[in-house]
Amino acid sequence: MPKILKTSLDSTLPASFERAEIKTFVESYDNFLFDCDGVLWLGSEVIPGIPATLDWLRSMGKRVFFVTNNSTKSRQQYAEKFSKLGIHASPEEIFSSAYAAAVYIKEVAQLPKDKKVFVIGMDGIRNELDNIGIENFSLQDDKPLFEDSDLSQYKPDDQVGAVVVGLDRNISYRKYAQAYQYLRYNNGGKGALFVATNADSTFPMSGTMYPGTGAILAPLITALDRKPIVTGKPSLNMLEAVFAQHKIDPSRTCMVGDRLNTDIQFGLQGGIGTLLVLTGVNQLKDLEGSSIQPSFIIPGLVNLSEAKDQ
């Protein structure tokens, strides 16, 4: 069973006990990996107290990294968002699913240099592909498709070696039609490489939930009867990148997230500590009957700073 870290919200316990328990937890780790949506912010609004909490962890000598499945922004764009929200973070500390997809295509799949990538998604994916020198393109978001005969313009093209799908707020049938052609008929009928930045069914924003990349993926998976390679959590591509680039000790590392089947599963598969916060997707009731159980639970990330005075 996961350990619920007691906080000032638990009025039956003395404050000294609450702070001591959280202090012990914080001292157990040198490195913290944070999910973003639902942990640090909700949409465009930072959760109150988060910047100060992260600054305090850094002042304690802790190393912090940010591991997000959201592919709408590049690492540089995320760094700019962090700054606007008052959170200190460099691009080197940020690992997004868009970045993981780009690295996977170049380093693991080793896409030939004469091939290009078709993108369903936002600018984050294209920017990360640009940053590592992979040619890519998308379809315009504002071009409607009225007649069946208009579909004839979407054809296979063996110059396209991969299709990457992420969250796309302007998804359209024409994008699906073009992606299907590449994924079904390219490469002598074997299809282009099929990559998804993540498979999250939903994402939290402004106190509610919206369809996520998993919902965007579903029509292609159904039409093709084929599943993509997923580079975001809980896949370990990003964790391996963090370990490789920053030489951190897994035994002294904790993943902090709000979602069991991505963040917590990611940490469990990577053999690191896991802390579930209740400010995003999953709540205590979701743990009942779940095979995915975090090491620790806390109401919110800001509650860690209750150990400051101990």
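## Thr213, a buried residue

In this predicted model, Thr213 is buried, with a relative accessible area of 3%; buried means under 20% relative accessible area, calculated with a 1.4 Å probe on protein chains only. Thr213 belongs to helix H7, residues 213-224, where a helix is a DSSP run of H or I with at least four residues, numbered from the N terminus.

Which residues is Thr213 in contact with, leaving aside its neighbours within four places in sequence? They are Val165, Gly166, Leu167, Thr197, Asn198 and Asp200, contact meaning heavy atoms within 4.5 Å.

## Helix H4 and its end

Now let's turn to another helix. H4 covers residues 97-108, and its buried residues are Ser97, Ala98, Tyr99, Ala100, Ala101, Ala102, Tyr104 and Ile105. Just after H4 comes Gln110, with a positive phi of about 50°.

## How H4 meets H5

Helix H5 spans residues 123-131, and its axis comes within 8 Å of the axis of H4, crossing at roughly 40°. Axes are lines fitted to C-alpha atoms, for helices over the stretch in contact, and angles run from 0 to 180 degrees between N-to-C directions. H4 and H5 are therefore oblique to each other, since angles under 35 degrees count as roughly parallel, over 145 as roughly antiparallel, 65 to 115 as roughly perpendicular and the rest as oblique.

On the H4 side, Ala98, Tyr99, Ala102 and Ile105 meet Gly124, Ile125, Glu128 and Leu129 of H5.

## About the model

Residues are numbered from 1 along each chain as its sequence is written, and side-chain values use heavy atoms, without hydrogens or water. Because this is a predicted model, local features need pLDDT of at least 70 and side-chain atom pairs count only at pLDDT 80 or more, while totals for chains, interfaces and linings use all residues.

Notes. Helix = DSSP H or I, 4+ residues; strand = E, 2+ residues; numbered from the N terminus. Buried < 20%, exposed > 50% of the residue type's maximum accessible area, 1.4 Å probe, protein only.
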